[in-house]
Amino acid sequence: MEKSMVEIVSVLVLAVFLYQIQSYYNSYYWLNIDCGGTNTWEDPLTNQWWGLDNSFIKTGQNILLSVSTDRLPLETLRYFPEGTKNCYSLPLEVPRKYLIRAGFYYGNYDNLFKPPTFNLEIDGNLWATVTTSLGTDPIYHEVIYITRKENVSICLNQTQQGQIPFISSLEAVPLGSDIYRLMNNKTALYLEHRTNYGANATFPERFNTLADDFYRFWKPVQLPNYQNLFNGIDNDFYSIVDNLPPYKVLNYAIRGQNISDSIFLPIDFHEKSTQLSAYFVFYFYNVGGPRPVLNNITNQIVYINGVEKNATTIRPYGDCVVVSVYPVNVTGTANVTIAPAQGTTLPPILNAMEVFTTIEVSTSSMSLHSCTSWFVFLGLLYLVL
């Protein structure tokens, strides 16, 4: 008895659905990779597990550093003495916005005292030029990226003879689609700076899950020409405003010394001679002690390279005010000014700032997952007809 067209279509739909379910369970929502590691372990700060990298790459050699650090993923690395390009393949969910971070700590693992320079690529797009050092501070390169295919390619590309690429850690942290909401689908955002103003150098850069859902690094910076403030509150939570900034960061700030003073901040970029498109995020939150005066308000204007970008008011007992500015064309350095506006009763304030530049990425209307689904469909159609 011949099968009806309805039965044939039902079989095809079921086959494609089963394939999609299988592909879903082969992808990762979150990844923490200890490159070169030999044991999985749980991060005591984030309670996230760090896994091995041998499921994501088949080239390179592992090594354990002879020096210890306060960041466990950096005590091992994978280096690549063979081939000019070696790539990790990360099976992430599609489409989803991710914070992807690569960590590098040379630690003189080869006893040559020659820290290498090489390129880092994501899906064939230049992500960054990695310049390592003999210093004790690790180097991180971070990008906000929207996945377009199931396997994101992270490649280390040797650009100079004798300069052997290596990598210490890889992280892929899922973000909500409304995080860094001005970002468009044709670009990725490369992190230039993420600064926690007012906190001293001993303050932690990273916090637990309750404080920061995305485990971002916030560099503490105090500036001697301004008031460096702390409101005396230590919250283990984040604000529900744009980008979910942690209160551990918002409870610190810099403020002008006098009501007529402006805050001036030169912002350096990794490319000094090329015009870049930048994405600025400013976080403003009242830091006036546990009992701020109700009639004290901060009216201020944000300028970038002398061009007014935003005017805002920060009120006592109000939540954080987030100002995102994109796109801004910059070359080498941008000058940020936060100036007092009419009616203010307090000098200008700034709690934190993030600065990104854009990476142009190729877009595809169909992922490998979708393409394969169509191949399955056509193949089954051929068999049943």
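This is a predicted model: local features need pLDDT of at least 70, side-chain atom pairs count only at pLDDT 80 or more; totals for chains, interfaces and linings use all residues.

User: How many aromatic pairs does the structure hold?

Analyst: There are 21 aromatic pairs in the structure. Two rings count as a pair if their centres lie within 6.5 Å, and the angle between the planes then sets the class.

User: Which class does the pair of Tyr-247 and Tyr-285 fall into?

Analyst: Planes under 30 degrees apart count as stacked, over 60 as edge-to-face and the rest as tilted. The ring centres of Tyr-247 and Tyr-285 are 5.8 Å apart and the planes stand at 55°, so this pair is tilted. Tyr-247 belongs to helix α2 (residues 247-250), while Tyr-285 is in the loop between β19 (275-284) and β20 (298-304), so the pair ties together parts that are 38 residues apart in sequence. Both Tyr-247 and Tyr-285 are buried.

User: And what about Phe-282 and Phe-284?

Analyst: Here the ring centres of Phe-282 and Phe-284 are 6.2 Å apart with the planes at 5°, so the pair is stacked. Both Phe-282 and Phe-284 are buried.

User: Which residues do ring pairs link into a cluster?

Analyst: The cluster linked by ring pairs consists of Tyr-79, Phe-104, Tyr-106, Tyr-109, Phe-118 and Phe-166.

User: Where do arginines lie over the face of a ring?

Analyst: The test looks at both the distance from the ring centre and the angle to the ring normal. Arg-148 lies over the face of Tyr-145, 5.5 Å from the ring centre. Arg-194 lies over the face of Trp-218, at 5.6 Å from the ring centre.

User: Which cysteines form a disulfide?

Analyst: The structure holds one disulfide. Its partners are Cys-87 and Cys-155, with their sulfur atoms 2.0 Å apart. The torsion about the S-S bond is about 105°, so the disulfide is right-handed. Cys-87 sits in strand β6 (residues 85-91) and Cys-155 in strand β11 (residues 151-157), which links distant parts of the chain, 68 residues apart.

User: Are these cysteines buried or exposed?

Analyst: Buried means under 20% relative accessible area, exposed over 50%, and partly exposed in between. Cys-87 has 32% and is therefore partly exposed, whereas Cys-155, at 4%, is buried. Cys-35 is buried as well, at 0%, and Cys-320 counts as buried at 7%.

User: What does Ser-169 touch?

Analyst: Ser-169 is in strand β13 (residues 169-175) and is buried, with a relative accessible area of 1%. Leaving out residues up to four places away in sequence, Ser-169 touches several residues, among them Cys-35, Trp-50, Arg-101 and Tyr-140.

Definitions and conventions: Residues are numbered from 1 along each chain as its sequence is written. Side-chain values use heavy atoms; hydrogens and water are left out. Rings of Phe, Tyr and Trp (its six-membered ring) pair if their centres lie within 6.5 Å; planes under 30 degrees apart count as stacked, over 60 as edge-to-face and the rest as tilted. Helices (H or I, at least four residues) and strands (E, at least two) are DSSP runs, numbered from the N terminus. Buried means under 20% relative accessible area, exposed over 50%, partly exposed in between (1.4 Å probe, protein chains only). A charge sits over a ring if NZ of Lys or CZ of Arg is within 6 Å of the ring centre and within 35 degrees of the ring normal. Contact means heavy atoms within 4.5 Å. A disulfide is a pair of cysteine sulfur atoms within 2.5 Å.
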